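Here is a walk through a two-chain model. Keep the sequence and the coordinates side by side as you read.

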Amino acid sequence: MALKDRVPMQEQNPEIRITNFDEVALGYTEEEALIEASRCLQCPNPTCINGCPVNIDIKTFIGLLQKEKFTEGYYKIKEKNNFPAMTGRVCPQESQCEASCVLAKTGKPIAIGRLERFLADREMYKPQSQAVAKANHIPIACVGTGPSSLAAAADMAKKGYEVHLFEALHLPGGVLSYGIPEFRLPKKIVNHEIMLLTDLGVFLHTDVIVGKTYTLDQLLHEFRSVFLGTGAGAPVLLNIPGENLNGIYTANEFLIRVNLMRAYRFPEFDTPIKKGKNVVVVGAGNVAMDSARTARRLGANVTIVYRRSRTEMPARAEEIHHAEEEGIEMKLLTNPLAFNGKNGWVESVEVISMELGAPDERGRRRPVPIKGSNYIIPCDEVITAIGTTPNPILKYSVPNLEVTEHGNIVVDDHCQTNIPNVFAGGDIVTGAATVIEALGAGKKASLFMDKAINGEIIS
Amino acid sequence: MFEIREKILLAPQIWKINVYAPHIGSAYKPGNFVIVLPHEQGERIPLTVFEADKESITIVFQEIGKSTKYLGKLNVGDRIPDIMGPTGHPFPNENFGHVVLVGGGVGAATAVPLAKHLHSNGNHVTAILGARNKELVLFEKELGDFCNEVIVTTDDGSYGRKGVVTVPLHELLERNRIDMVLAIGPAVMMKAVAETTKPFNVKTMVSLNSIMVCGTGMCGACRVGYGDKTVLTCIEGPELDGHKVDWDTLLARLKMYKDEEAMSLSLFEKED
């Protein structure tokens, strides 16, 4: 007798949570997790597993949870995914594992992400017993410490390699540290899951910009193989008048200041941030939602401006819902034309209303400006979140590395670049995607790195 | 962690520190800079490198706000938690011909490695060194080692010529064939240099001191209007064409956090 509805997860009340940076979703209690797990039908041919980019054995871990074998369930997840506390929180499960759950056909799918999170939160602070192959003393380097590199590093370490992680910033984690806010992914979780990785024997080198501090050639001299997981971290600018006025942030800068540098705790922390009263956020992806909700917590009235309609918004439905609950206004079918300022500070944004025209090559209806519909939105701060592209440092410093016209690294079916012994994966290859897709790319690359080192693939 | 091996007071509130950092020292090229996090709850600030070798880097800085005052209190044997670099675009290895190097205030520290670099590429280098007063004239001798001529100006006339750097610069532009001017110093000085050279149509490079956070091209804090586009100083610079820089926006952006900076500094001084 399966329950039709999933067990809801407790959340901080919207009125309270906009006054703090604590996590919004509070997680399942043991009792809630057991009830939710009991809904799983333990299908003979489970379809959920294929919906997971790293193919976690979802059926088995939920089966173990049903029998209250929490530790065993946790390690079942960790066989495929080293970072369940993070992925359980930030994966878009509704379009991945949960979309493939058989219960989704007639009702609500199993809350796989919440159960993954429950097990991780319960077990990850306990002494870990992870199976690691005998050390082979073959050194390999992973560049970047975002999800793709972390996954590649974890899998290579488990195979017995001597793994060195290189990070340009002073803290590891990539977007997990600087991008996703504390209220969605607490930094103590990120730090702990990365610490578990260093417990596997992985060496972490921060403050190193590959391409500047060390060249790729230097790395290839010291390491048998190099994995490039440098992400798509460079901001896309709007290129409209007034964009360099004071008070206008790229989402990357705004989120780096708040998340990585803890500017929301200024002056206890030294990095300042401007706290606008009326903030306009441009864009409607997850980064826009994160920026808007962060600005709200800094005390602002926030308006999101997006040139298409609600159906095209790229952010997760849950994030849009959370943003609306927190009182964030959406101006859809609206496009910024220029920023106006006084004494060097932004004062307003001039926008134009749009309507949807014919579909573009990707099938999305193209927004077209409605002539004469311009108007002014007063504001004292703007955050632009219209996307990111690969950072050009590697491209500049390794001119023979094959990249696309957009700066993405070109790889073959084995995740190999055109430079021997150099592999790549994650956003630097695909462009901005999800955390779990980057984890999957890192895992896949590690598989082929291992095979290449053992002579099973000739590069 | 980066251990301080030497600390020298060059002038009131201006320090030269040598820090153990073999990987940065080995990779450093003139024009590069580093990002420093003075303490665990600190901010990331860009500082220029005065000298580098296979073991260490030497940084010169002036105590202005909390972060630099904090650094100024560190002693030999203390460790700086994070130094990232070298970053920024290295200055090109070229013989431009006759280069006038203009260094203002603590910018003289950046002028020295660039003078050495230009000299080693066969350039004829004339340096103009500007300071508020005699006590603050930095690196006159060091510049002299690599420059064909060094002209010193002080605002109060206590040493060298009285007045600002643009006066001797203007004279040089009128009298000689000059192939490039390279200015390093406060933004207002660099703007004045760019305005002085503009009528002479002499290529003018400036070493921009934008506000930075990441120093790796991720955040865009250091962006500056440049001709008809926007560039990131940490990626395309710090040396950029002074005639293309949108100076008014840059000067406004440098003051963006002046209230917060004052607050942070006063809290720090109260603690002391």
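In which loop of chain A does A:Pro267 lie? A:Pro267 sits between H12 and strand S7 (278-282) of chain A. Helices (H or I, at least four residues) and strands (E, at least two) are DSSP runs, numbered from the N terminus. A cis peptide bond joins A:Phe266 to A:Pro267, with omega about 5°.

Some ground rules come next. This is a predicted model, in which local features need pLDDT of at least 70 and side-chain atom pairs count only at pLDDT 80 or more, while totals for chains, interfaces and linings use all residues. Residues are numbered from 1 along each chain as its sequence is written, chains are lettered from A and ligands numbered from 1 in the order in which they are written, and side-chain values use heavy atoms, with hydrogens and water left out.

Chain B has a cis peptide bond too, from B:Gly237 to B:Pro238, and its omega is near 10°. B:Pro238 belongs to the loop between helix H7 (233-236) and strand S16 (239-241) of chain B.

Now turn to the interface. Here 42 residues of chain A are in contact (heavy atoms within 4.5 Å) with 44 residues of chain B. The area buried between the chains is about 3,700 Å². Carbon and sulfur atoms give 56% of that area. Buried area is the accessible area (1.4 Å probe) that two parts lose on being put together, summed over both.

The two chains share 2 salt bridges. A salt bridge puts a side-chain nitrogen of Lys or Arg within 4 Å of a carboxyl oxygen of Asp or Glu. A:Lys274 forms one with B:Glu260, and the closest N and O atoms are 2.9 Å apart.

Which elements give two or more residues to the side of chain A that touches chain B? They are strand S5 (234-235), strand S6 (248-250), helix H12 (251-260) and helix H15 (392-397) of chain A. H12(A) gives the largest share, 4 residues.

Next, look inside chain A. An α-helix has 3.6 residues a turn, so residues three or four places apart point the same way. Just after H14(A), A:Gly327 takes a positive phi of about 85°.

Is A:Lys443 buried or exposed? A:Lys443 lies in helix H17 (residues 435-453) of chain A. With a relative accessible area of 17%, A:Lys443 is buried. Its side chain makes a polar contact with the side chain of A:Asp155 (3.1 Å). Not counting residues up to four places away in sequence, A:Lys443 touches several residues, including A:Val54, A:Glu79 and A:Ala151.

Terms used
Buried means under 20% relative accessible area, exposed over 50%, partly exposed in between (1.4 Å probe, protein chains only). A polar contact is a pair of N or O atoms within 3.5 Å; within protein, one must be able to donate a hydrogen and the other to accept it, and residues adjacent in sequence count only if both atoms are side-chain atoms.
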